[in-house]
Amino acid sequence: MNNGYLVVASRKESFYRLAINCLESLKDYYPDARCCLVTEERFLDGREYVADDLIFCGDNVREKLWGMSQSPYDTTMYIDADCEIVHEDIATVFDELNGNDIVFNTLPVEAKPLYAIYDFTYNDKPEHFTYCGGVCLYTNKQFMTDWYHLYLEQQMGIFRPNMEPWEKLSGFDQTTLWWLLNKEPKYKDIKVGTFKDNLRWNYYNGYAELKMFPKQEVIINHWSKGSPK
């Protein structure tokens with residue numbers, strides 16, 4: 001199988017530096033990993049050599065969705081740029097696919113204080129987000145293309161479903177992810193799985209403050225800026 005890891009860095013040079021650190025940490029724990037860096041050409045400084053494959057992108061705030069659709073691999077492990085690999089079990093991630101088209105981390109309800117938004121309504125019915133897009137294992141690149149295009153329509157105000165509070169929802173790629181997986185007929189039969197020992201694969205830096213820990217050692221630390229409210 002043609003398996004590989006993909007990291008995207010657009011808009012800011014700081015994201016590029018984080019992406020390089022993420023890929024270097026991947027190679028530290030899995031030297032044979034094949035990986036792709038999707039970034040803007042203006043950021044290159046010689047350190048991009050850590051990636052086996054290089055793709056140039058634009059500067060959209062969610063260019064990661066476009067980058068995911070351009071993966072050179074049949075099966076791709078997408079990792080947010082502000083992550084760091086800290087365990088050799090990163091090499092086993094492709095076993096997590098288990099016949100699914102996409103595998104996500106779930107958003108634990110216990111961690112609601114960390115989220116910018118979790119609960120919302122659709123047609124006045126209570127709903128909540130289920131999946132986190134910070135780490136994702138997938139084979140369906142067409143889904144990623146559709147996710148990117150729908151997000152662009154959301155940015156332009158073309159896509160505006162009856163979801164509230166829209167002032168918060170309108171800026172999130174999770175909004176369009178939820179829609180595609182729950183309301184789009186094209187993807188009614190898509191096979192979506194979740195990582196076993198969920199927190200191992202995307203250990204958000206606020207989880208420790210909430211005394212949330214995986215059963216085994218953490219594989220991916222996610223150094224997002226948030227903290228419990």
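Q154 lies in helix α3, which covers residues 141–156; helices here are DSSP runs of H or I with at least four residues, strands are E runs of at least two, and the numbering starts from the N terminus. The model is a predicted one, so local features need pLDDT of at least 70 and side-chain atom pairs count only at pLDDT 80 or more, while totals for chains, interfaces and linings use all residues. Residues are numbered from 1 along each chain as its sequence is written, and side-chain values use heavy atoms, with hydrogens and water left out.

Back to Q154, which is buried at a relative accessible area of 4%. "Buried" stands for under 20% relative accessible area, "exposed" for over 50%, and "partly exposed" for what falls in between, using a 1.4 Å probe and protein chains only. Leaving aside residues up to four places away in sequence, Q154 touches F159, W166, L169, S170, G171, F172, T175 and T176, where a contact means heavy atoms within 4.5 Å.

Now for the sheets. Seven strands make up an open sheet in the order β3-β2-β1-β4-β9-β6-β11, with mixed pairing; two strands pair if DSSP finds at least two bridges between them. The edges are taken by β3 (53–56) and β11 (192–194), and each has a single partner strand, so one side of each is left without a neighbour in the sheet. From one strand to the next, the twist averages 30°. Inside this sheet, β4 (residues 75–79) and β9 (residues 131–138) pair in the antiparallel sense over four bridges, and Y78 stands opposite C136 in β9.

Helices pack on this sheet too. Helix α1 (residues 13–29) touches β1 (3–9), β2 and β4, and its direction makes about 180° with that of β2. Such angles run from 0 to 180 degrees between N-to-C directions, with axes being lines fitted to C-alpha atoms, for helices over the stretch in contact. Helix α5 (residues 173–182) lies across β6 (102–106), β9 and β11, running at about 60° to β9.

Strand β2 (residues 35–39) also holds T39. With a relative accessible area of 0%, T39 is buried. A polar atom of the T39 side chain lies 2.8 Å from the backbone oxygen of A9. T39 touches A9, Y16, L44, L54, I55, F56 and C57, again not counting residues up to four places away in sequence.

A second open sheet has three strands in the order β5-β13-β12, and its pairing is mixed. Here β5 (83–85) and β12 (203–204) stand at the edges with a single partner strand each, so one side of each has no neighbour in the sheet. Strands β5 and β13 (residues 220–222) run antiparallel and are joined by three bridges, with E84 standing opposite N221 in β13.

Next come the aromatic rings. Rings of Phe, Tyr and Trp (its six-membered ring) pair if their centres lie within 6.5 Å; planes under 30 degrees apart count as stacked, over 60 as edge-to-face and the rest as tilted. By this rule the count comes to 16 aromatic pairs. Y203 and Y207 form an edge-to-face pair, at 5.5 Å centre to centre and 70° between the planes. Both Y203 and Y207 are buried. Elsewhere, ring pairs link F120, Y122, F129, F159, W178 and W179 into a cluster.

What about disulfides? A search of the whole structure turns up zero of them, a disulfide being a pair of cysteine sulfur atoms within 2.5 Å. For C83, the closest cysteine sulfur is in C22, at 5.8 Å, which is too far for a bond. C83 counts as buried, at 1% relative accessibility. For C132, the closest cysteine sulfur is in C83, at 8.5 Å, again too far for a bond. C132 is buried as well, with a relative accessible area of 17%.

Finally, a few spots in the backbone. The peptide bond from E164 to P165 is cis, with omega near 5°, and P165 is in the loop between β10 (163–164) and α4 (166–169). D124 has a positive phi, near 70°, in a residue other than glycine. The loop between β7 (119–122) and β8 (125–128) is where D124 is found, and D124 is exposed, with a relative accessible area of 70%. D197, in the loop between β11 and β12, also has a positive phi, near 50°.

How values were computed: Polar contact = N/O pair within 3.5 Å; in protein donor to acceptor, adjacent residues only side chain to side chain.
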